[in-house]
Amino acid sequence: MNLNVRSKIANLFSKNIFRDSFYYTIGAFLVKGINFFLVPVYTSYLSPSEYGVLDLYLTFTNILTIFCSLGLSQLIFVEFYKIQGEERKRFFSTIIWGYTLFGLLICVAGGFLFRFGSQFFTKIVLANTLSIALTSAIAYISFYQTNFFNYLRLASRSKLFMFFSIGTGV
């Protein structure tokens, strides 16, 4: 009976969907676990007001990432299997160059908006220029990371995806 269970498990892992699901699940648990165990470290080194400012920057980065991506990451998922070969290369090239130009403009404009918006709403200069530049750069670069991860998913490279997502989480 034990041999039968092992052969069934081996048979399931020979199918890509179960193997990929296993790697995605392990990667997700490890990334969430790392974040969970780092919260006490954050709270021991940061005061509540500093943690609030950090959270404000993270929220700004997440919102700016949504606006900067222009929905292109979702377009890749829709079009990936519809096009092949040279047409796929041109498609990715157009997306990358289009984002490089327009995403950069949106991130810079968003940084200025955050700078003056935070001063207007809080009546203090909450965001200095360096921190805004860093959060805008993170929002801008995250598009490339997201699309690299999307490519790994679409190309069924689940093990590589898991290693990179854990590295990013750390």
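Tyr57, Phe60, Thr61, Leu64, Thr65 and Ser69 in helix H3 meet Ser131, Thr135, Ser136, Ile138, Ala139, Ser142 and Phe143 in helix H6, where contact means heavy atoms within 4.5 Å. The residues of this contact of H3 with H6 divide into 6 nonpolar, 7 polar and no charged. In this count Ala, Val, Leu, Ile, Met, Phe, Trp, Tyr, Cys and Pro are nonpolar, Asp, Glu, Lys and Arg are charged, and the others, Gly among them, are polar.

The model is predicted: local features need pLDDT of at least 70, side-chain atom pairs count only at pLDDT 80 or more, and totals for chains, interfaces and linings use all residues. Residues are numbered from 1 along each chain as its sequence is written, and side-chain values use heavy atoms, with hydrogens and water left out.

The chain has 7 helices and 0 strands. Helices (H or I, at least four residues) and strands (E, at least two) are DSSP runs, numbered from the N terminus. In sequence order the pattern reads α-α-α-α-α-α-α. Of the 170 residues in the chain, 27% are buried; buried means under 20% relative accessible area, exposed means over 50%, and partly exposed lies in between, with a 1.4 Å probe and protein chains only. Among contacts between residues at least 6 apart in sequence, 69% join residues at least 24 apart.

Two packed helices are described by the angle between their axes and the distance between the axes. Helix H3 covers residues 48-69 and helix H6 covers residues 129-154; their axes come within 8 Å and cross at roughly 45 degrees. That angle makes H3 oblique to H6. Axes are lines fitted to C-alpha atoms, for helices over the stretch in contact, and angles run from 0 to 180 degrees between N-to-C directions. Angles under 35 degrees count as roughly parallel, over 145 as roughly antiparallel, 65 to 115 as roughly perpendicular and the rest as oblique. The crossing of H3 and H6 is right-handed; a crossing has this hand if the near helix is turned clockwise from the far one by less than a right angle, and is left-handed if anticlockwise.

Threonine 61 is placed in H3 and counts as buried at 8% relative accessibility. Leaving out residues up to four places away in sequence, threonine 61 touches Thr135, Ile138 and Ala139. Isoleucine 63 also lies in H3, but at 44% relative accessibility isoleucine 63 counts as partly exposed.

At 28% relative accessibility, leucine 46 counts as partly exposed. Apart from neighbours within four places in sequence, leucine 46 is in contact with Tyr51 and Leu54.

Helix H6 also packs with helix H4. The axes of H4 and H6 are 10 Å apart, at an angle of about 15 degrees, and the two helices are therefore roughly parallel to each other. H4 passes H6 in a right-handed crossing. Leu72, Ser73, Ile76 and Phe77 in H4 meet Phe143, Thr146, Asn147, Asn150, Arg153 and Leu154 in H6. By class, this contact has 5 nonpolar, 4 polar and 1 charged residues.

Within H4 (residues 72-79), Leu72, Ser73 and Ile76 are buried. They are on the same side of H4, because they cover an arc of only 110 degrees around the axis, the arc being that of the directions from the helix axis to the C-beta atoms. An α-helix has 3.6 residues a turn, so residues three or four places apart point the same way.

Apart from neighbours within four places in sequence, asparagine 147 is in contact with Ser73 and Ile76. Asparagine 147 and isoleucine 76 are 71 residues apart in sequence, and their C-alpha atoms are 8.1 Å apart in space.

The last stop is helix H7 (residues 158-169), where phenylalanine 164 is found. At 37% relative accessibility, phenylalanine 164 counts as partly exposed. Not counting residues up to four places away in sequence, phenylalanine 164 touches Phe148, Phe149 and Leu152. From phenylalanine 164 to phenylalanine 148 the separation is 16 residues in sequence and 9.8 Å in space, C-alpha to C-alpha.
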